[in-house]
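Colleague: I would like to learn how to read a model of this kind, feature by feature. Could we look at it together?

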Amino acid sequence: MTEFPPTAVEVLRRGNKIEAIKIVRVERNLGLKEAKDCVEDYVRRDPSLKRKMEEVQAEARKGFVFWLVVLLALGAAVYYFLAGK
């Protein structure tokens with residue numbers, strides 16, 4: 001197989017797996033699943049990229065939990081004010 005696209009490696013190093021999949025799809029003329037598998041195989045073989053992807057996923061989970069708590073608090077506040085009337 002040909003060398004992994006350098007632009008895909010660059011965006012992976014910034015933590016953007018989705019953009020890397022898009023690049024691989026276009027440059028290698030692959031379907032979504034094949035491109036995703038190709039990117040994941042590449043990341044799996046590079047320990048530094050694997051760590052980076054794990055860090056990005058951990059940050060995304062933290063952000064999700066934060067916004068979930070905010071939305072639940074807002075929902076509770078709305079319920080409190082509406083139920084009190």
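Predicted model: local features only at pLDDT ≥ 70, side-chain atom pairs only at ≥ 80, totals over all residues.

Colleague: Is Asn29 buried or exposed?

Modeller: Residues are numbered from 1 along each chain as its sequence is written, and side-chain values use heavy atoms, with hydrogens and water left out. Buried means under 20% relative accessible area, exposed over 50%, and partly exposed in between, with a 1.4 Å probe and protein chains only. Asn29 has a relative accessible area of 71%, and therefore counts as exposed.

Colleague: Where is Asn29 found, and what is its phi?

Modeller: Most residues other than glycine have a negative phi. Asn29, however, has a positive phi, near 55°, and it is found in the loop between helix 2 and helix 3. Helices here are DSSP runs (H or I, at least four residues), as strands are (E, at least two), and both are numbered from the N terminus.

Colleague: How many helices and strands does the protein have?

Modeller: The protein has 4 helices and 0 strands, so that the pattern along the sequence reads α-α-α-α.

Colleague: Which residues of helix 3 are buried, and what do they pack against?

Modeller: An α-helix has 3.6 residues a turn, so residues three or four places apart point the same way. In helix 3 the buried residues are Ala35, Cys38, Val39, Glu40, Tyr42 and Val43, and they pack against helix 1 (6-13), helix 2 (17-28) and helix 4 (47-83), where contact means heavy atoms within 4.5 Å.

Colleague: What span should helix 3 have?

Modeller: The expected span is 1.5 Å times one less than the number of residues. For the 14 residues of helix 3 (residues 32-45) this should give 20 Å, and the end C-alpha atoms are 20 Å apart, which agrees.

Colleague: Where is Arg51 found, and how does it count in accessibility?

Modeller: Arg51 is found in helix 4, and its relative accessibility of 48% is why it counts as partly exposed.
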